[in-house]
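Biologist: Hey, can we walk through this one together? I'd like to start with how its strands are arranged.
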Amino acid sequence: MERRQVLKAGGVAATTGLMGLAGCSGSNPDVSDLTDTPSNGSTNTVLMVTEGSDYYFDPIGLFVEPGETVTFEIDSGSHSATAYSENGQASVTRIPDGAEPFDSGILTEQGATFEQTFESPGTYDYYCTPHKGLEMVGRIVAGEPGGPADGSMPPDGDVPESQTIVDQGAVSYSDFSG
Ligand SMILES: [Cu+2]
């Protein structure tokens, strides 16, 4: 996270005359971070989908760097993105120690969004409140796998292995469900 802040500061510096700093970061492959496009080349958007009798998050597995923000967006239907947290509505905690137990509430309009920033490294499992009984669950790995979710599956459905998410950057629902 610190490094990203430095890079972003470099972008600002370019407009304030400190071109040396910007020039240094310009040779870094991570210079693409100066845009809001993550290094995996896609945006950090998770669609929430109703498709026939399927209810799912897509991608179902997403890797982000700590400090990056994920946008959950209604593609179709009404859904929530709710972290597994005993401090919230779930019976188990499946987010890293000290992480914020996010809950979008139920979003009902197509295009409605909820943004969550993942500050603490580790594995985050979450579900859709109305559809967790229909296995609508997802996983986000921030930085590296870790925390109580790593190494097991959520109680309401399966998600990709944390390491697979790290390796692939994003795992689409269609790839995962086959
Ligand atoms: Cu749902």
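Modeller: Strands (E, at least two residues) and helices (H or I, at least four) are DSSP runs, numbered from the N terminus. Keep in mind that this is a predicted model, where local features need pLDDT of at least 70, side-chain atom pairs count only at pLDDT 80 or more, and totals for chains, interfaces and linings use all residues. Residues are numbered from 1 along each chain as its sequence is written.

Biologist: Okay, what order do the strands have in the open sheet of five?
Modeller: The order is β5-β7-β8-β3-β9, and the pairing is mixed.

Biologist: Which strands stand at the edges?
Modeller: β5 (82-83) and β9 do; each has a single partner strand, so one side of each has no neighbour in the sheet.

Biologist: And how many bridges join β7 to β8?
Modeller: Six, with the two strands running antiparallel.

Biologist: New topic: which residues touch the most other members in the largest nonpolar core?
Modeller: L62, V64, V70, Y124, Y126, M136 and I140, out of 35 residues. β8 gives this core the most, four residues. Such a core is a set of buried Ala, Val, Leu, Ile, Met, Phe, Trp, Tyr and Cys residues joined through C-beta atoms within 7 Å.

Technical notes
Buried ≥ 20, exposed ≤ 12 C-beta atoms within 10 Å, placed from the backbone. Pairing = 2+ DSSP bridges.
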